[in-house]
Amino acid sequence: FILNLDIRLGGYVLLDTTRSDELGGCGGYWAATYTAAFLGSAEEASTIIASLNYEPYEIQIIPLESWADFVRGQTDYITPAKSMAPTVGYSGGVPSVLVPREGIESGVLFDRVFRQLMECKESDSGSCLSPEQIFFDMTGHEGSPNSRNNAISEGFRNAVVMYISLFSFPTELDEFYALGKNSYFSESAYLMDDWQHRYWGDKIQRLMSVKH
């Protein structure tokens, strides 16, 4: 459904999994939390939600007078956490990849996310390390404003979703980054090969010339 979303709708999906040894079960539980902001009326939002066929899941609509009202309720201070620092076998930070339309149409993104969720059952702990996060507020959606006269990479402009898998290990990152050529600057791994091109793509040379 992400490929056909109204461009006035932006948000994210969190997919949580928990291992379970319950007799007769499948080995785990999953939960999906879908949060979105819509630029329009409550009536229009209700129509869009109905078209997505979320029944029987709980849906809550909170009308706001302005985007500022939403931000005031969401913004908090971001403090570097020691637990997010790089360690042996962990790249640190928040590994992200910007996935273009073809990555969704081909099913590659779905296969990756599904495999990550299923691997929870093999986890040594009862709960997986982190939720899978899929943000669909990118400018690769048809009709989105996406001026090219700036330092933003083509991969960022053409991406439909940003995918975050917080605790992807180095042995998994090659496959993870193969989903897209770029990463989001504010949410990315501390240790990342060729970070210049993953952030700015082919525009890095021009940026360097301006800088120097």
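Me: Before we look at this predicted model, what do the words buried, exposed and partly exposed stand for?

Reply: Buried means under 20% relative accessible area, exposed means over 50%, and partly exposed is in between. Take D194: its relative accessible area is 46%, so D194 is partly exposed.

Me: Where is D194 found?

Reply: D194 sits in the loop between α6 (170-177) and α7 (195-200).

Me: And what can I read from its phi angle?

Reply: Here is the general idea: most residues other than glycine have a negative phi. D194 is not a glycine, yet its phi is positive, at about 50°.

Me: Let's turn to aromatic rings. How is a pair of them described?

Reply: By two things, the distance of the centres and the angle of the planes. In this model, the count comes to eleven aromatic pairs. For F110 and F114, the ring centres are 5.9 Å apart and the planes are at 15°; planes under 30 degrees apart count as stacked, so this pair is stacked.

Me: Which residues of α4 are buried?

Reply: They are L109, R112, V113 and Q116. Because these residues cover an arc of only 95° around the axis, they are on the same side of α4.

Me: Which residues form an aromatic cluster?

Reply: F185, W195, Y199 and W200 form one aromatic cluster.

Me: Now the strands, please. How do side chains point in a regular strand?

Reply: They alternate between the two faces of the sheet.

Me: Which strands pair with β5?

Reply: Strand β3 (residues 96-100) is joined to β5 by five bridges, and the two run antiparallel. One of the partners to look for is V161 in β5, bridged with V99. Strand β4 (residues 132-135) also pairs with β5 in the antiparallel sense, over four bridges. There, E132 has S165 of β5 as its bridge partner.

Key: Residues are numbered from 1 along each chain as its sequence is written. This is a predicted model: local features need pLDDT of at least 70, side-chain atom pairs count only at pLDDT 80 or more; totals for chains, interfaces and linings use all residues. Side-chain values use heavy atoms; hydrogens and water are left out. Rings of Phe, Tyr and Trp (its six-membered ring) pair if their centres lie within 6.5 Å; planes under 30 degrees apart count as stacked, over 60 as edge-to-face and the rest as tilted. Buried means under 20% relative accessible area, exposed over 50%, partly exposed in between (1.4 Å probe, protein chains only). The arc is that of the directions from the helix axis to the C-beta atoms. Two strands pair if DSSP finds at least two bridges between them.
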